[in-house]
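Hello,

Here is the structure I promised to pass on. Please have a look at it first; my notes follow below.

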Amino acid sequence: MKVWAAGITAGTVALLVGGALAVAATQNATTLAPGLRIAGTDVSGMTREQALAAVGSRAATPPQVTVTAGKNTWTLSAEKLGWHVDAQTSVDAALKITQERGVLQKLQGMIGQAPTQDIPLTAAVDPAKARTTLTTLTAGLNTAPKNASVYFDKVSKRYAVKADAPGLSADVTAAVNTYVATPSLTSLKVALKVTPAKLTAATLNTYVAQGNAIARPFTVTLGGTARKGGLTALQVADLYWVRDSGIEPDEKTLKAAFGRLTDAIDQPALNARYVLQGGKLVKAKEKAGLVTDRAAAYALFRKAVLDPAVKTVVFPSKADQPTLTIDRLPAADKLQLIAVGKSTYYGSSAARRTNVANAASKINGAVVPSGEVFSFLNTLGGIDASNGFVGGLIISGGRTVDGLGGGVCQVSTTVFRALYQAGLPVVERNQHSYRVGYYEPQVGFEAAVYDPGLDLKLKNDTTAPILIKANNDNAKSTLTVEVWGVKPQRTVTVSPAVITARVPHPAPRYVVNTALRPGVVRQVDWAADGYSLYITRTIKDASGVRTDKVSTVYKAWQAVYETGPRG
């Protein structure tokens, strides 16, 4: 006799099949088949909800996962990476097995002979939690790419390039995707992506080479003369920028350099003037000059100085005619004293006294034609060493510091007092930053100059040329400026300063100077209260009475002391 599978005899098959088909037709499809287990838990005959409850109550120990990123390693519980037991997937797998069982398997289950099948308990990963944890772990590894940059090396006096550096970024997204796809992983690698710099040293080196080639000595000559002027390589290097995109001209410094060159090579016309002969003033004839044709020369200069192949250029010139001829100059003995300005400079250093004397000598004898504007800086000829000026204390950058030409403002102040007292209209006048003791007791009645940028300008509104005389008495520390000409029919009165506000000076500031010995204290700036004030000028003439004001606002100034380092 043949035996059917699992002990069922062939003789009983027909009977059982018929009954089984009838039972199967009414069986609940959501009840798990006999013999099914999930991670060792018997879920036979359970509904989906019952199986979830039974399996979900099992404790599952999350594995340890080792995360690596570059040279860095972290070992942590998988739970921190979003790992969790996924009972739902396992139960759904059991349901699928139940639904796919054939008649024979169902018959075996009905008679208690169903095969045992154990379904593993699956796991899943929460992508958001994995991303948060991996982002936190690798945050310190992310670096932005660093572009190459151009700088000017103060030692070599040449442009150079600071190298670029690539950036790094942790590829958290790829690592999360890998872990979500395979929750059983116990090691997880986070790749570090390299991001190159947008601007590389190779690109900038080309521009730097161009910039260094341009920085060469450059010479100009005034056409029709042998007069020359020049720029050093360092001065040329100041005329442009080496940028990320190439050479960028600095229009402001180009124009300033052009102005300095033309000032150096031009031979301006000389107006008729007075000169001292035998102790007397006599007339001196005017003289035509030759100067740069600036309109044509600037474009030529700008192109040539930025072309490394060009080292010299000739500026086109034009005649410069005097504006005051000898026939319009009054006889010296016909001149009348119009106004006087005075100041004292007690306590000045030797350098300051040198600059006062030099500036006064250059102003002495200046003639301003009727209707023209007197410029202090133009008359002076520039404040630089080549013009006889030496170092002295000046006000610059919010400090009293050593600088070229300290003391020149003593002369500009005295000239201003004389011309203002003469009633001449003010075109430009600038004040000092703080109240200066040298200009007392006439507080606020002063004028600051700085080359370049700050000038003193007044217009000669009289009917004839005016002569400016400067008399410096170093022994008595006094300076007197006189205005001579055809005295206009007017009276001028200048009032004392009216102070409208006063601000106390701040507490002193102490700065460590490592060049001083320990314990040494040296004062380098002096305190001064702040003031707001004005001076009124009243002018009376045939047209009536008019007034104007010169307003001044002095900053409150603190004393500054330099101290040696602590021992």
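D525 has V560 as its bridge partner in β37. Keep in mind that this is a predicted model. The two strands involved, β34 and β37 (residues 560-563), run antiparallel and are joined by 4 bridges.

They belong to an open sheet of 3 strands. The order is β33-β37-β34, and the pairing is mixed. β33 (509-512) and β34 (521-525) are the edge strands. Each has a single partner strand, so one side of each is left without a neighbour in the sheet. From one strand to the next, the twist averages 30°.

Next, the cores. The largest nonpolar core holds 47 residues. F376, V411, V415 and L419 have the most contacts inside it. Helix α13 (residues 408-421) gives the most to this core: 8 residues.

L419 deserves a click. Leaving aside residues up to four places away in sequence, L419 touches F374, L424, L458, I466, I468, V483 and R537.

Another core, of 26 residues, lies apart from the largest one. F258, I265, Y298 and F315 are among its members.

One last stop: M110. This residue is in helix α4 (residues 103-110). M110 and A33 are 77 residues apart in sequence. In space, their C-alpha atoms are 9.7 Å apart.

Best wishes

Key:
Residues numbered from 1 in each chain as written. Predicted model: local features only at pLDDT ≥ 70, side-chain atom pairs only at ≥ 80, totals over all residues. Heavy atoms only, no water. Pairing = 2+ DSSP bridges. Axes fitted to C-alpha atoms, helices over the stretch in contact; angles between N-to-C directions. Core = buried A, V, L, I, M, F, W, Y, C linked by side-chain atoms within 4.5 Å. Buried < 20%, exposed > 50% of the residue type's maximum accessible area, 1.4 Å probe, protein only. Contact = heavy atoms within 4.5 Å.
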